[in-house]
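Morning, everyone. I have one model to walk through today. Here it is on the screen.

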Amino acid sequence: LLTTLVSFGMMLTAVQSLSMLGQISVSWSSPWSDLIKVLKFFAFDLEVLQMECLADGIGPVVRYLIRVIIPVWTVVVYLALYGGSKLLLPLLNKAAWEWPKTVNSAAQVWQALYISIVLVAFLPFQCYDHPNGDSSVTEFPEVICGEGDHGAMVGLGVLFIVVYGVGFFGLCLWANITAPRMSLLRPTFTLYTRFLFYRFRSDTWYWGSVLMVRSFLIAMVPIVSPDNGNVQVLMLICIVGVFMLLQSHVLPWKTYLLNVSDTAVLLMLLLIAGAASAFTRQVDASSGFTTFILLTFSAGFLTVLCVLGYGVAGACSVARGKPKPVDDNLEKTQADLVHCVKSLSLLTNENVARLLSELGYFDKLAVRKFLGIMSHELQMGIRSSSKRISVSAGNMQDVRSQLQRSMTGSTGNVRNVHTGDVANASSAAHLRTVDVVTTEGIVTAVEL
C-alpha cells in the first residue's frame, strides 16, 4: 500500500514538472503541444477547461488571484471537514477527526502540489520581450511588465512566494532539523509532521526537504531568461541531473521499488529536457554556452587530476618508507563490532528475529552485506551465496585455522555456539574466539 500511494505522489510530481514545460520558451509541435496544454491544468490554469465565458469582464489581476489562492482553499476545505466531523460524527457514534492528523493531511496536499504552487506564485515575474522594446507577462500577454496591473500582480506574487515558497518550506525545514529531538520530547510531533517522514528510511528522514528544494528549483526555471529556451532547458537538465545523482547515491525511499521509480521519473525528465532542445530557438553560440561547456569540462578534468595526484602522492610516500596513515576509526570500529557481537550473543534467536523484523528494507540489506563479508573472509562454513573476491588473502589464515578448530571442537569448550547460548570460556584466551564464533548464530537467525 505504501509503495502504491507514494508512487501516485511521484506521478503527480512528474506531471507538475511536465506542466512547467508549457511555461518555458520552447515551440512544441503537435501532439506534444496539445499534451503540454492539458498538463497546464496542474499549474491551476483554469483556462484549460475552456471557461472563457466565465472570465469575460474579469481583469488579469483577479484571474491571477483566483489561481494563486487555490492552495488556500485546500486548507479551508480541511478546516470545514474537521469542524463537520466534530459536530456530526459523534452523533453517529464515530470518532471525530483529530487535529494533528488534519494538519498533517492538509500539509501533505501542499507538499504534493508544491511545484504547481510555486509556479503560479512566480507567474508575474515571467516576462517576454516585444520587438518595440516592451515586455509582457507570459501568461497574461495584455499586461505590460512594469506598467498598470503588473505592479499589483508582482505584489501578490511576492506575498504568496513568502507564504508558500519560503514560509511553508521554512516550517518543513525546521521540522526536519528538529525531528530527532522533538520526536522524543513530544509524541504528537510525528502526528503533525508524518507527511515529511513516512516515505523515507529512518536514517534519511530529511529527504522531504531535499525534494522541496528540487521542486522549488524546477519551478524557477521559467523565470530564468524567459526569452531564451536554451538557457531554460540547460538549467532544467542541470537541476534534474544533480538530483538524480543524489537520489541514486542516497536511496532515501523506504522500499527498493520507490527508489527505482524516483530515479526513473528523473531520468524521464532528463531525456524530455534534452529532447526539448530540438524545439528551442537557435541562438548565437557565444552567448554563454561556450563558457558553460568550458567550465564543465574544466571541473571534470580537475576532479580527475586531483584524484590522480592524491594517489601518486600516496604511492610515493609509501615508496620512500613512510608509514601509511593510521585509520583513527579502525580501533573504534573494532571495539564497536566486538561489543555488538557480545550483546547479540546474549539474545535468544526469537529476540534477534524480532530485532531484524523491525528494520527497514535497506537496513536488512546492510546487515546481509556485512554478514556476507564476514562469513566469506572468515570461511565459517555456513551457507553463503557470496561471490566476493577475498581481500585478506593469507593474512587471516591463522584466524581461520583457529576458528575452524573451535567449530570442530578441537579447543574443548567452544562448539556450536549460537545466539542465545553462553559459552563457558575459562580463560581470556578463549574470549575472542567466542566473540567471533557467535556471529554464526547471528547469520543463522538472518537465514531463518
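**Aromatic contacts**

Start with Y114 and F168: both are buried, where buried means under 20% relative accessible area, exposed over 50%, and partly exposed in between, with a 1.4 Å probe and protein chains only. Before going on, the ground rules. This is a predicted model, with local features needing pLDDT of at least 70 and side-chain atom pairs counting only at pLDDT 80 or more, while totals for chains, interfaces and linings use all residues. Residues are numbered from 1 along each chain as its sequence is written, and side-chain values use heavy atoms, with hydrogens and water left out.

Now the rings. Rings of Phe, Tyr and Trp (its six-membered ring) pair if their centres lie within 6.5 Å; planes under 30 degrees apart are stacked, over 60 edge-to-face, the rest tilted. That rule gives 15 aromatic pairs. Take Y114 and F168. Their ring centres are 6.4 Å apart and the planes sit at 45 degrees, so this pair is tilted. Y114 is in helix α7 (residues 114-121) and F168 in helix α8 (residues 150-185), so the pair ties together parts 54 residues apart in sequence. Helices here are DSSP runs of H or I, at least four residues, and strands are runs of E, at least two, numbered from the N terminus.

Next, F122 and F216. Here the centres are 5.8 Å apart and the planes at 65 degrees, so we call the pair edge-to-face. F122 is in the loop between α7 and β1 (127-129), F216 is in helix α11 (residues 207-220), and 94 residues separate them. F122 is buried, at 7% relative accessibility.

Back to Y114 and F168. Both belong to one aromatic cluster, together with W110, F160, Y164 and F195.

**Salt bridges**

How many salt bridges does the structure hold? There are 6, each a side-chain nitrogen of Lys or Arg within 4 Å of a carboxyl oxygen of Asp or Glu.

E142 pairs with R63, with the closest N and O atoms 2.8 Å apart. This one links distant parts of the chain: E142 is in the loop between β2 (135-137) and α8, R63 in helix α4 (residues 60-68), 79 residues apart. E142 is partly exposed at 47%, whereas R63 is buried at 18%.

R201 meets D203, also a salt bridge, at 2.8 Å from N to O. R201 is buried, at 14%. D203 is partly exposed, at 38%.

D336 is partly exposed at 42%, and K332 is exposed at 54%.

**Backbone**

Most residues other than glycine have a negative phi. Two residues to look at here. N93 has a positive phi, near 60 degrees. N93 sits in the loop between α5 (70-88) and α6 (99-112). Buried or exposed? N93 is exposed, at 74% relative accessibility.

L251 has a positive phi too, about 50 degrees, and is not a glycine. Its place is the loop between α12 (229-250) and α13 (256-276). L251 is partly exposed, at 29%.

That's the model. Questions, please.
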